[in-house]
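User: I would like to learn how to read a predicted protein model. Please take me through it feature by feature.

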Amino acid sequence: MSDVKERILDFLGKCEEMKKCKFIMATTKIKDLLKCIVNCPELYNLFEAVCSDFNYPFVKSKCLVTVNDGFSRSYVVLPQTVGQRLAFIFCLFVEFDKETINFNDFLQRYFLEDGSYYASYQAFCNLVIVGLQEAISQVFREELSAPSQTHVEEVAPANAEKSGLISAIDLAIAAEKQNLADNGRISEEEKVNGGHILDELARAVHAQDMNLINALICGYNYFALYNNCTSEVLGELIGEIGYFGRLI
C-alpha cells in the first residue's frame with residue numbers, strides 16, 4: 001500500500017470513528033481530524049488550496065439556513081462543489097475546535113431531530129462527516145483505487161467497497177431527509193415520522209442488520225408512496241441497499 005493511500009485511508013478511518021462515537025466525544029474526534037490533516041502533507045496541501053481566497057463568512061451565511069414558515073427551523077446545506085464543501089467543513093471544524101461555535105448548541109439548532117443529542121449527532125454525521133468522506137474519496141480516488149501490494153492487503157478492497165457503499169447510503173439518506181424537509185405538501189408530523197424511519201435505517205445499515213434494513217426500506221417506500229413523495233434519491237437508495245445486501 002502506498003504511503004499516500006495509507007494516510008488517506010487513516011483519515012477516512014478517523015471519520016468512521018467519529019460517526020460511531022458518542023456525541024460527548026465529538027469535539028475530541030474533530031481535534032483528531034484536524035491533527036490528521038496537519039500531519040498529512042497531501043491533506044494539508046489540499047485544504048490549504050481550497051481555503052485560499054475562500055470567503056467563509058459569506059458561504060457560512062448561505063449554508064447555515066434559518067427559515068420561518070409558521071415556525072422557525074434551521075438546517076445546514078453543504079456547498080455543491082467539492083472544493084467549497086471541503087473548505088466550509090474545515091472552517092466549521094476550526095470554529096468547533098476554537099469554541100467560537102459551541103458544538104452542542106450547533107447540534108440542537110441545526111440538527112434538531114427528536115430533541116436528543118444522540119439523534120442530532122447522528123444527523124450531523126450523516127450530512128457533514130459523510131459529505132467530508134465523499135469529497136476526500138473523490139479527490140483521492142486514483143490513490144485509493146491503487147492496487148494493494150501485499151497478500152494481507154488483498155482482502156481490503158471488499159471491505160473498502162462495503163465501507164464506501166455505507167458512506168453512499170448515508171449520503172442518500174441525508175439527501176432524502178432534505179427532500180422531506182423541503183416538501184411543502186407533507187405535514188410536519190409526517191416529515192418527523194419519515195425522518196425517524198430514515199434515522200433507524202441509517203443505524204441498521206451501520207449495524208449491517210439486513211433483516212431490519214429490508215423492513216425499514218420497505219416501510220419507508222410505502223410511506224413515500226402514501227404521501228406521494230417518491231424521488232430519484234429514493235430509487236438510488238433502494239438500489240444501493242439491494243447491492244449492500246449482496247455484500248454482507
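Analyst: Start with contact, which means heavy atoms within 4.5 Å. Helices (H or I, at least four residues) are DSSP runs, numbered from the N terminus. What covers the buried residues of helix 2 includes helix 1, helix 3, helix 5, helix 6 and helix 7. This is a predicted model, in which local features need pLDDT of at least 70, side-chain atom pairs count only at pLDDT 80 or more, and totals for chains, interfaces and linings use all residues. Residues are numbered from 1 along each chain as its sequence is written, and side-chain values use heavy atoms, with hydrogens and water left out.

User: What is the mean pLDDT of the protein?

Analyst: pLDDT is the predictor's confidence in each residue, from 0 to 100. Here the mean is 87, and 93% of the residues reach 70 or more. Over residues 150-156 the pLDDT is below 50, and this stretch has three contacts in the model beyond near neighbours in sequence. Where pLDDT is low, the predicted coordinates should not be read in detail.

User: Which residues of helix 2 are buried?

Analyst: Buried means under 20% relative accessible area, exposed over 50%, and partly exposed in between (1.4 Å probe, protein chains only). In helix 2, the buried residues are Ala 26, Lys 29, Ile 30, Leu 33, Leu 34, Cys 36 and Ile 37. They lie on the same side of helix 2 because they cover an arc of only 155 degrees around the axis, the arc being that of the directions from the helix axis to the C-beta atoms. The face turned away from the buried side carries the exposed residues Lys 35, Val 38 and Asn 39.

User: Which residues touch the most other members of the largest nonpolar core?

Analyst: A nonpolar core is a set of buried Ala, Val, Leu, Ile, Met, Phe, Trp, Tyr and Cys residues joined through side-chain atoms within 4.5 Å. Of the 50 residues in the largest one, Phe 88, Phe 93, Phe 106, Phe 111, Phe 124 and Ile 136 touch the most other members. Helix 7 gives the most to this core, with ten residues. Apart from it lies another core, of 24 residues, among them Ile 173 and Leu 198.

User: Why does Asp 170 count as buried?

Analyst: Asp 170 counts as buried because its relative accessibility is 0%. Asp 170 lies in helix 9 (residues 156-182). A polar contact is a pair of N or O atoms within 3.5 Å; within protein, one must be able to donate a hydrogen and the other to accept it, and residues adjacent in sequence count only if both atoms are side-chain atoms. The side chain of Asp 170 makes one with the side chain of His 206 (2.8 Å).

Methods:
Helix = DSSP H or I, 4+ residues; strand = E, 2+ residues; numbered from the N terminus.
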